[in-house]
Amino acid sequence: MKRIVVSVACLATATAGFGAAITGPPADAASHAHTVSYHGYRVTVPNSWRTVDLAADPEACVRFDIPTVYLGHPSDQATCPANHSGRTIGLVIEPLDGGSADRVTAQTAIASRGAATVRQPASHDGSIHVAVPSASLLVTAAHTPDTEAEARRILASATLDRDAKELSDTGLLSRRTATVLAAAGPQPGTYLGKGFDTCAAPSQANMNAWRTSSPYRAVGIYISGASRSCAQPNLTATWVTNQTNNGWRLIPIELGMQAPCGTRTPKMSSDATTARSQGATAASNAVNAAQALGIGAGSAIYNDIEHYPTTASCKAAVLSYLSGWTQRLHALGYLSGMYSSGSSGIADVCGAYNDTRYLRLDHLWFAWWNGVADTDAGTYCPDAYYANRQRLHQYSGDVTETWGGVRMSIDRNYLDVSAGDGNPAFSVTVDNATAGQFTASANWGTSSYSAQRSGPDYRFADPVAASDTAWYRATLPATASYEVSVWYPADAGYNDSTPYIVVTPDGNQTVRVNQRQGGGQWVSLGVFTLAGGDGDKVGVSRWTTGTGYVIADAIRITRT
């Protein structure tokens with residue numbers, strides 16, 4: 001999870017880590033591509049790709065930061081590094097048998113009898129999975145948005161030869177509709193103590209050895225995201241159930257879109273509105289992955305945004321992305337978390353702790369390699385922020401430890417977290433500056449005059465006997481009771497009877513507020529039944545007999 005600068009030296013080091021079973025294209029290859037054959041399945045890849053025979057090198061880490069074809073079953077992945085260097089593209093071709101059947105899911109495309117390909121197989125979370133029964137193989141193509149087209153071309157080039165053998169146990173394909181097992185409660189739940197994370201989920205044997213001998217009781221697992229470097233052959237619903245039943249706490253991680261000003265890909269948009277939407281999409285995908293693994297509602301999912309050289313526009317994009325992430329996770333019943341380096345993402349999040357344009361996270365996971373196992377974030381985040389058992393500290397990284405005879409490369413973490421009642425309290429704040437969620441006509445001016453404002457500015461307009469409402473838009477998880485609160489700066493020149501309109505299933509309700517007093521704080525309009533889904537929820541109208549400017553600043557909706 002550390003920042004890594006890719007260089008020629010890094011490439012040489014990473015290549016060496018594949019082991020002796022690595023091969024390249026034929027030395028006299030005249031074309032720009034070569035064919036790899038395995039168990040009667042033939043596929044054409046560029047000459048720049050490497051091939052790793054996992055039977056000859058069973059300890060090799062299956063990783064997708066260097067274009068590679070892996071042949072055979074991945075092993076326990078104990079040699080994988082703790083840190084990610086990003087993803088490019090890669091292919092895993094393995095026998096379809098009892099060792100891989102748990103990886104055949106509802107998202108796996110199945111080739112017809114006698115065929116090696118599937119027309120336009122779907123991609124899910126940066127991977128395309130194809131079962132080839134006529135060769136008894138499972139093929140996985142990992143990609144990024146930039147390399148998806150190449151991955152599809154490679155899969156489409158596949159053919160079968162005389163060595164292909166038909167799958168004898170077709171029951172292996174029925175696993176794709178099996179009932180998902182469940183983790184033992186929300187994850188990581190309420191926990192105080194040490195944890196570790198590594199690139200690939202360890203095998204059951206390795207987890208058992210560390211459970212018996214190590215000081216760790218929590219483990220970070222990369223469940224989703226197109227920026228993951230390592231394959232996850234061990235990470236199944238059965239694995240999740242077994243670990244939580246054995247007393248492990250899981251830290252589910254999404255490693256997907258990165259800051260637009262950073263070096264890692266794929267990148268979120270630099271446009272705040274688009275970034276917010278991307279964050280919401282990432283949350284939906286992460287929840288789908290969590291549920292497929294049996295990690296249920298009430299669990300926290302942590303969005304890994306690696307170090308970036310923060311700027312004002314980049315910060316706005318990251319915070320908007322995390323707001324979309326948080327809002328969607330809450331709507332789906334999950335807690336929101338974020339991992340980043342103390343000097344970039346964490347400093348930006350904590351710097352916006354009281355900025356009502358953005359939603360607060362539930363958990364904060366900061367990387368500060370000071371070697372101290374505590375949740376003190378130093379100057380990166382004040383002690384008063386995220387103080388209610390909401391912190392995880394990655395205090396050391398790139399270390400190798402051996403417990404119970406099992407050696408792994410890990411990052412060390414210390415957690416002080418709580419699941420509360422297991423149900424995230426839904427709350428959404430919309431500021432007049434929240435991209436895509438506030439609309440007002442050109443008759444509404446913009447001002448930053450009052451220091452009591454929420455965010456950088458607020459909107460104002462003269463009262464008028466006409467309909468010209470400024471609207472706040474929000475997405476609510478369900479039709480239910482919500483408290484509606486408003487924020488405005490107070491001034492003697494502002495309106496003494498500002499009409500706030502609350503949209504309910506039974507019609508609009510109007511609450512009038514004297515904006516000459518009580519400013520600079522949340523003022524409750526009351527509790528209302530609001531409809532679930534997306535739409536205009538609260539408005540500020542200019543139609544009033546009161547005098548003075550009508551102010552539209554921020555609103556907050558909290559489920560009761």
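**Entry 1: sheet**

I looked up an open sheet and found 3 strands in the order 2-3-10, with antiparallel pairing. I took strands as DSSP runs of E with at least two residues and helices as runs of H or I with at least four residues, numbered from the N terminus. I counted two strands as paired if DSSP finds at least two bridges between them. The edge strands are strand 2 (33-38) and strand 10 (159-160), and each pairs on one side only. I then examined strand 3 (residues 41-46), which runs antiparallel to strand 10 and is joined to it by 2 bridges. Arg 42 has Thr 159 as its bridge partner in strand 10.

I record here that this is a predicted model, in which local features need pLDDT of at least 70 and side-chain atom pairs count only at pLDDT 80 or more, while totals for chains, interfaces and linings use all residues. Residues are numbered from 1 along each chain as its sequence is written, and side-chain values use heavy atoms, with hydrogens and water left out.

**Entry 2: disulfides**

I searched for disulfides, each being a pair of cysteine sulfur atoms within 2.5 Å. The search gave 4 disulfides. With the bonded cysteines of the protein numbered in sequence order, I noted the pairing 1-2, 3-4, 5-6, 7-8.

Cys 61 and Cys 80 form one of the disulfides, with 2.1 Å between their sulfur atoms. Cys 61 lies in the loop between strand 4 (50-53) and strand 5 (68-71), and Cys 80 in the loop between strand 5 and strand 6 (90-95), so the pair ties together parts that are 19 residues apart in sequence. For exposure I used relative accessible area with a 1.4 Å probe and protein chains only: buried is under 20%, exposed is over 50%, and partly exposed is in between. Cys 61 and Cys 80 are both buried.

Cys 199 is joined to Cys 230 by a disulfide, S to S 1.8 Å. Its torsion about the S-S bond is about 110 degrees, so this disulfide is right-handed. Cys 199 is buried at a relative accessible area of 1%, and Cys 230 is buried at 2%.

I next turned to Cys 350 and Cys 381, which form a disulfide with sulfur atoms 2.0 Å apart. What is the handedness of the disulfide of Cys 350 and Cys 381? The torsion about the S-S bond is about -90 degrees, so the disulfide is left-handed. Cys 350 lies in helix 7 (residues 342-351) and Cys 381 in the loop between strand 16 (363-367) and strand 17 (390-403), so the pair ties together parts that are 31 residues apart in sequence. Relative accessibility is 4% for Cys 350, which counts as buried, and 0% for Cys 381, which also counts as buried.

**Entry 3: nonpolar cores**

I defined a nonpolar core as a set of buried Ala, Val, Leu, Ile, Met, Phe, Trp, Tyr and Cys residues joined through side-chain atoms within 4.5 Å. The largest has 56 residues, and those with the most contacts inside it are Phe 196, Trp 210, Ile 223, Trp 239 and Ile 301. Elements that give two or more residues to this core include helix 3, helix 5 (272-292) and strand 18 (406-417). Helix 6 supplies the largest share, 8 residues.

Taking contact as heavy atoms within 4.5 Å, I listed the partners of Ile 301 beyond its neighbours within four places in sequence; among them are Ile 223, Pro 252, Trp 325 and Tyr 334. A second, separate core of 32 residues includes Phe 438, Tyr 458, Tyr 482 and Val 484.
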